[in-house]
Amino acid sequence: MRIRAATSADISSILQIERNSGSAAHWPESVYDAVLRDMGRVVFVAEDDDRAHGFLVASCRVEEWELENIVVCPGLRRQGIGRLLMSSLIKQAVEKGAEEIRQEIRASNKPALKLARSAGFAVAGIRRGYYADPQEDAVLLTLKTRSVPFPVGNG
C-alpha cells in the first residue's frame with residue numbers, strides 16, 4: 001500500500017469510496033475539484049496496484065491543521081489503511097511546522113474515534129447537535145504535533 005498526493009484524476013475514485021461509506025462526509029464533485037486546486041489543503045490517496053482504497057483531506061492554512069475527511073473502502077477497513085493515511089498527515093504536519101491537528105468525529109463513529117485515539121489525538125470537547133441527518137454530537141479531538149514521537153506509526 002502506498003500513500004501519495006491525490007490528483008484530479010482521482011476524483012472519481014474518491015467519490016466512489018466516499019459514496020460507499022455512510023459515515024463519511026459527503027461532498028459534491030465540485031468541492032473535491034476545488035480542494036485539489038487549493039494550496040491550503042492536502043489530499044492523500046492510499047492505493048495498491050493503481051487502485052485507490054482510501055483518501056484523506058485536511059486543511060493546512062495555519063499552524064492548526066484540520067482533518068476534514070478520511071475514508072477507507074468498507075471492505076478494507078481494519079487493515080491499517082486509515083492508519084497509513086493518518087500517519088502521512090501527521091508526518092507532513094510536523095515537517096511543515098503545524099502546532100496541532102484538529103478533527104471532529106460523529107459520537108457514534110467508534111472506529112474513527114478509535115483510530116484517532118490510537119494516533120495520539122485527545123478529546124478536547126463535544127459540540128452538541130453538530131451533525132444533521134441524523135442529528136448527533138461531534139467529538140472534538142486534537143493532536144499536539146510537538147508531542148509526536150518519530151517515526152510515526154506505519155500501520
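Select helix 1 (residues 11–19) together with helix 2 (residues 29–37): these two pack at an angle of about 130°, with their axes 10 Å apart. Helices here are DSSP runs of H or I with at least four residues, strands are runs of E with at least two, and both are numbered from the N terminus; axes are lines fitted to C-alpha atoms, for helices over the stretch in contact, with angles running from 0 to 180 degrees between N-to-C directions. That angle makes helix 1 oblique to helix 2, since angles under 35 degrees count as roughly parallel, over 145 as roughly antiparallel, 65 to 115 as roughly perpendicular and the rest as oblique.

The model is predicted, so local features need pLDDT of at least 70 and side-chain atom pairs count only at pLDDT 80 or more, whereas totals for chains, interfaces and linings use all residues. Residues are numbered from 1 along each chain as its sequence is written, and side-chain values use heavy atoms, with hydrogens and water left out.

Next, centre on Glu18 of helix 1. Glu18 is buried, with a relative accessible area of 0% (buried means under 20%, exposed over 50%, partly exposed in between, with a 1.4 Å probe and protein chains only). Leaving aside neighbours within four places in sequence, Glu18 is in contact with Ala24, Ala25, His26, Trp27, Tyr32, Phe55 and Val71. Gln16, also found in helix 1, is by contrast exposed at 53%, and its C-alpha atom is separated by 9.7 Å from that of Ala52, 36 residues away along the chain.

Now colour the largest nonpolar core, which holds 27 residues, of which Trp65, Leu89, Ile90, Ile101 and Phe121 touch the most other members; such a core is a set of buried Ala, Val, Leu, Ile, Met, Phe, Trp, Tyr and Cys residues joined through side-chain atoms within 4.5 Å. Helix 3 (81–95) is among the elements that each supply at least two residues, and the largest share, 6 residues, comes from helix 3. Select Leu89 and, leaving aside its neighbours within four places in sequence, look for its contacts with Val42, Phe44, Leu56, Ala58, Trp65, Leu67 and Ile101. Apart from this core lies another, of 16 residues, among them Trp27, Ala52, Phe55 and Val71.

Move on to helix 3 and helix 4, whose axes come within 10 Å and cross at roughly 45°, which makes helix 3 oblique to helix 4. Here Gly82, Arg83 and Met86 in helix 3 meet Leu115, Ala116 and Ser118 in helix 4, and the residues of this contact divide into 3 nonpolar, 2 polar and 1 charged.

Most residues other than glycine have a negative phi. Asp49, however, has a positive phi of about 55°, and Asp50 has a positive phi of about 60°. Asp49 is exposed, with a relative accessible area of 72%, and Asp50 counts as exposed at 73%.

Notes. Contact means heavy atoms within 4.5 Å. Ala, Val, Leu, Ile, Met, Phe, Trp, Tyr, Cys and Pro count as nonpolar, Asp, Glu, Lys and Arg as charged, and the others, Gly among them, as polar.
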